[in-house]
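User: I have a structure open and would like to go through it piece by piece. Can you take some quick questions?

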Amino acid sequence: MKDFNFHVKPVGLFDMLHFKKLVPNRAKKLAEGSAAPATSVFPVNRLAAFLHPKAQQVTVSEIMEHGDMAKTFILSGEGLAPFRAGQYLSVRLAIGASVLTRPYSISSSPMWVKEGKYAITVKRVANGFASDWILSNWKVGTKVTVSGPEGVFYYEPLRDTKHVIGIAGGSGITPFLSMAYAIRDGIENFDLTILFGSCREQDILFRKELDMITAQCDKVKVVHVLSEEENSCFEHGFITADIIKKYCEDTCSIFLCGPAAMYAFAGRELAKLSLECKFIRAEMLAAPSSPTRIKGYAGDAEKEYALTVKYYGETVTIPMKGEETVLIALERAGIAAPSRCRSGECGWCRSRLESGEVLIPEDMESRRIADIKTGHIHPCCTYPLSDLVMEIWPE
């Protein structure tokens with residue numbers, strides 16, 4: 001084998017300085033060659049801005065009513081970002097002195113984006129501050145600011161089985177409706193069986209749309225489960241392990257979306273099936289309306305604390321109720337704190353807690369280990385146990 005002789009020049013001070021200035025010098029040369037910032041010429045940056053916009057301006061162009069309890073709003077705009085069936089939009093609202101956001105699953109087919117349209121469905125809930133206001137105030141022509149499509153509650157062939165069992169309750173049907181449309185339209189390719197829990201037959205949301213899809217596409221099946229009404233055409237009771245096994249012949253991926261009570265019940269039933277965790281996926285669930293519902297809570301929900309907030313170079317102190325999350329206290333005070341999912345999952349509201357004691361529900365703890373060590377929190381799922389001092393950053 002032939003020997004090779006290499007001569008390695010010692011690294012000196014000037015070599016290190018040259019290396020340190022290499023990237024800044026290249027950036028400067030690129031900038032001098034164009035009146036626009038250097039990064040604006042890269043197609044990948046334009047694509048990223050289109051796919052993941054911080055905000056989109058839309059207009060309510062049509063409203064479909066579902067009895068007295070829910071409405072579907074068609075939101076129209078130009079250059080809307082595409083989405084995966086199952087994702088959501090975070091809607092920004094200004095209600096009186098409060099500035100807040102609420103996430104709503106997109107209920108339309110991903111094909112609608114080509115026409116510049118999304119659809120979201122808002123259902124009235126007990127003491128629903130945002131839902132009541134939207135249902136009472138949004139009209140055709142109302143201007144709305146929404147986020148780009150967010151969330152990971154969608155089918156992924158590398159992770160999920162070819163047969164998905166969707167367990168839905170009430171307005172939790174919306175992401176599954178979007179998935180059903182996507183399968184029918186040839187955008188997604190998997191078999192979807194929806195176990196849809198409703199109280200009575202008259203309460204079933206999107207029954208006509210679901211019937212139409214199942215008639216057009218044999219890859220989508222819908223099984224209605226009524227809890228308060230017996231009907232030979234439907235299953236009766238709750239969505240139990242036995243009902244799930246009845247419609248899942250082999251290994252299936254289980255997707256869940258619905259109210260907190262459904263999650264608790266379904267969790268106990270799914271445990272009976274001994275499925276691997278990777279086959280069970282749940283759409284994010286908002287923080288409990290009161291910390292008293294959290295196991296092990298030892299605080300005083302009726303007490304009022306002081307929340308000192310540092311943001312935009314200013315410091316303000318606002319009142320904060322022991323029964324509410326830190327994010328709700330910020331929104332109630334008119335502070336436009338960043339937020340998207342409101343379940344601790346996305347990390348959009350990540351803020352630094354300088355002092356004070358807080359409670360984070362165990363099942364909503366999704367912070368990185370480094371964030372826990374450095375005192376960062378997700379205000380959307382954090383409850384106060386004392387006065388707090390924190391710093392937040394703009395979106």
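**Sheet, cores and a histidine**

Analyst: In strand S2, Lys71 is the bridge partner of Glu65. Keep in mind that this is a predicted model.

User: How many bridges join S1 to S2, and which way do they run?

Analyst: Seven bridges link strand S1 (residues 56-66) with strand S2 (residues 70-76), and the two run antiparallel.

User: What is the order of the strands in the open sheet?

Analyst: The order is S4-S3-S6-S1-S2-S5, six strands with antiparallel pairing. Strand S4 (98-105) and strand S5 (117-123) are at the edges with a single partner strand each, so one side of each has no neighbour in the sheet. From one strand to the next, the twist averages 40 degrees.

User: What does S6 pair with on the S1 side, and over how many bridges?

Analyst: S6 and S1 pair in the antiparallel sense over four bridges. Gln57 stands opposite Thr145 of S6.

User: And how many bridges join S3 to S6?

Analyst: Two bridges join S6 to strand S3 (residues 88-95), again running antiparallel. There, Val91 is opposite Val146 of S6.

User: Which residues of S6 are on the covered face, and which on the uncovered one?

Analyst: In strand S6 (residues 143-146), Val144 and Val146 make up the covered face, while Lys143 and Thr145 make up the uncovered one.

User: Changing topic. How many residues has the largest nonpolar core?

Analyst: It has 47 residues, and Ile173 and Phe176 have the most contacts inside it. Several helices and strands supply at least two residues each, among them strand S7 (163-169), helix H5 (207-216) and strand S9 (220-226). H4 gives the most, with seven residues.

User: What does Ile173 touch, leaving out residues up to four places away in sequence?

Analyst: Ile173 touches Ala168, Ile194, Phe196, Leu205, Phe206 and Leu210.

User: What about the second core, how many residues are in that one?

Analyst: The second core is separate and has 28 residues, including Met320, Leu359, Cys380 and Tyr383.

User: Now His378. Where does it lie?

Analyst: His378 is in the loop between strand S17 (376-377) and strand S18 (383-384).

User: Is His378 buried or exposed?

Analyst: His378 counts as buried, because its relative accessibility is 5% and the cut-off for buried is under 20%.

User: Which residues is His378 in contact with, other than neighbours within four places in sequence?

Analyst: Gly344, Gly347, Cys349, Arg350, Ser366 and Arg367. For Gly344, the backbone oxygen lies 3.1 Å from a polar atom of the His378 side chain.

Terms used
Residues numbered from 1 in each chain as written. Predicted model: local features only at pLDDT ≥ 70, side-chain atom pairs only at ≥ 80, totals over all residues. Heavy atoms only, no water. Pairing = 2+ DSSP bridges. Axes fitted to C-alpha atoms, helices over the stretch in contact; angles between N-to-C directions. Buried < 20%, exposed > 50% of the residue type's maximum accessible area, 1.4 Å probe, protein only. Polar contact = N/O pair within 3.5 Å; in protein donor to acceptor, adjacent residues only side chain to side chain. Contact = heavy atoms within 4.5 Å. Core = buried A, V, L, I, M, F, W, Y, C linked by side-chain atoms within 4.5 Å.
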